[in-house]
Amino acid sequence: MDSTTRPTLESVAQRAGVSRQTVSNVLNAPHLVRPETTDRVRSAIDALGYRPSAAARQLRTGRSRVVGLRLEPVQDGINGAVLDRFLHALTESAQARGYRVMLFTAPDDEREIAQYGELLDTADLDAFVLTSTHRDDARAAWLAERDVPFVTFGRPWSAPGAATDDHPWVDVDGSAGTRAAVEHLRRLGHERIAYLGWPDGSDVGEDRAAGWAAAMVDAGHDAGLLRRLHARVPDGVAAGAQAIERVLADAAPTAVVCASDSLALGALTVGRSRDTPLAVVGFDDTPVAAAVGLTSVAQPLTEAAHRALDLLLDQLDGTGGTRSKQVLLAPHLVERASSRTP
């Protein structure tokens with residue numbers, strides 16, 4: 001082919017040794033094509049540098065192949081890296097499957113819902129990905145009532161069996177993560193293990209606190225001690241430092257598990273200033289944790305993004321079959337120097 005000639009559906013079909021319809025099916029309905037044929041067609045597409053016409057595809061399928069996601073306001077440069085990594089993985093996965101992610105901003109849920117209506121009217125988006133879910137989430141209810149495909153990164157947090165619970169979601173088991181952190185510290189010889197968490201009202205925060213509490217009860221500690229070891233503070237480095245100072249004075253823990261790396265960094269700063277260093281475990285395994293040697297619970301964000309896109313495309317393409325619509329992923333502990341023996 002002449003290097004100045006743009007590759008076409010026909011040239012891809014010729015190179016792959018298939019029909020034009022097969023190439024079209026690979027691009028628009030891959031579930032209809034055998035895997036080995038799909039691989040051969042995609043190899044031809046890559047070799048020729050073929051790019052399907054977005055306008056023609058939208059006319060043919062009635063879909064834009066664009067997914068919307070709200071970019072949340074920056075609140076913490078440390079923990080903000082978590083959603084950044086999820087977004088990057090989601091965008092990569094979508095692009096590999098012929099979709100694009102359109103970002104938009106909104107200061108709160110009400111404005112986000114208003115953006116849904118505007119984007120559906122003006123940009124003809126196919127679906128949405130929601131993050132930062134919470135109990136009685138009006139965003140999910142609005143989309144469900146209008147039969148707009150969507151998936152959430154985060155559980156609905158409603159009571160089991162509630163109507164708002166029946167939609168596709170992917171989440172990470174925070175309770176399992178903090179339980180693993182306690183068990184890790186106990187293997188090192190710690191027993192009085194404190195917990196720095198967030199104020200009441202955070203569903204994610206309560207989930208993470210529950211894992212710590214359950215592991216401590218299993219270790220034989222009573223409710224009275226747990227209350228003294230548990231601090232509820234707003235997220236942030238300074239808040240973490242102040243909270244661990246209070247808990248150290250009251251309950252003398254030798255280790256602490258934190259709901260975030262921000263709180264953990266504050267605790268780590270205090271611990272390193274003492275004669276007997278405090279063992280510290282954070283949550284989210286942010287780049288800061290790696291830089292300062294902080295043990296942290298890591299979320300499988302790349303897998304979460306891939307599974308979320310799978311659930312979204314199941315709705316759009318009708319390829320889900322019997323696959324579960326709710327996916328709870330297990331985190332893992334990344335051990336570093338901050339988790340030390342008493």
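A cavity is here a set of grid points where a 1.4 Å probe fits but cannot get out. All views show a predicted model.

**View 1. The largest cavity and its lining.** The structure holds two cavities of 30 Å³ or more, and the largest has a volume of about 80 Å³. Twelve residues line this largest cavity, with His134, Asp137, Ala140, Pro156 and His167 lying nearest its centre. Sorted by class, its lining comprises two nonpolar, six polar and four charged residues.

**View 2. The second largest cavity.** With a volume of about 40 Å³, the second largest cavity has a lining that includes Tyr195, Trp198, Glu206, His230 and Arg232. Strand S6 (193–197), helix H9 (203–218) and strand S7 (230–232) are the elements that each give two or more residues to this lining, and the largest share, three residues, comes from H9. The lining residues divide into four nonpolar, four polar and two charged.

**View 3. Salt bridges of Arg232.** Asp200 and Arg232 meet through their side chains in a salt bridge, at 2.7 Å from N to O, which links the loop between S6 and H9 to strand S7 across 32 residues. Asp200 counts as exposed at 60% relative accessibility, whereas Arg232, at 40%, counts as partly exposed. Arg232 also forms a salt bridge with Glu206, where the closest N and O atoms are 2.9 Å apart; Glu206 lies in helix H9, 26 residues away in the chain, and is partly exposed at 33% relative accessibility.

**View 4. The salt bridge between Asp109 and Arg70.** The closest N and O atoms of this salt bridge are 3.6 Å apart. Asp109 belongs to helix H6 and Arg70 to strand S1, so the pair ties together parts 39 residues apart in sequence. Arg70 is buried, with a relative accessible area of 9%.

Conventions
Residues numbered from 1 in each chain as written. Predicted model: local features only at pLDDT ≥ 70, side-chain atom pairs only at ≥ 80, totals over all residues. Heavy atoms only, no water. 1 Å grid on protein atoms, 1.4 Å probe; cavity = no way out; pocket = protein on both sides within 12 Å on 5 of 7 lines; lining within 4 Å. Points joined across faces, edges and corners; volume = space filled by probe spheres on them. Nonpolar A, V, L, I, M, F, W, Y, C, P; charged D, E, K, R; others polar. Helix = DSSP H or I, 4+ residues; strand = E, 2+ residues; numbered from the N terminus. Salt bridge = Lys/Arg side-chain N within 4 Å of Asp/Glu carboxyl O. Buried < 20%, exposed > 50% of the residue type's maximum accessible area, 1.4 Å probe, protein only.
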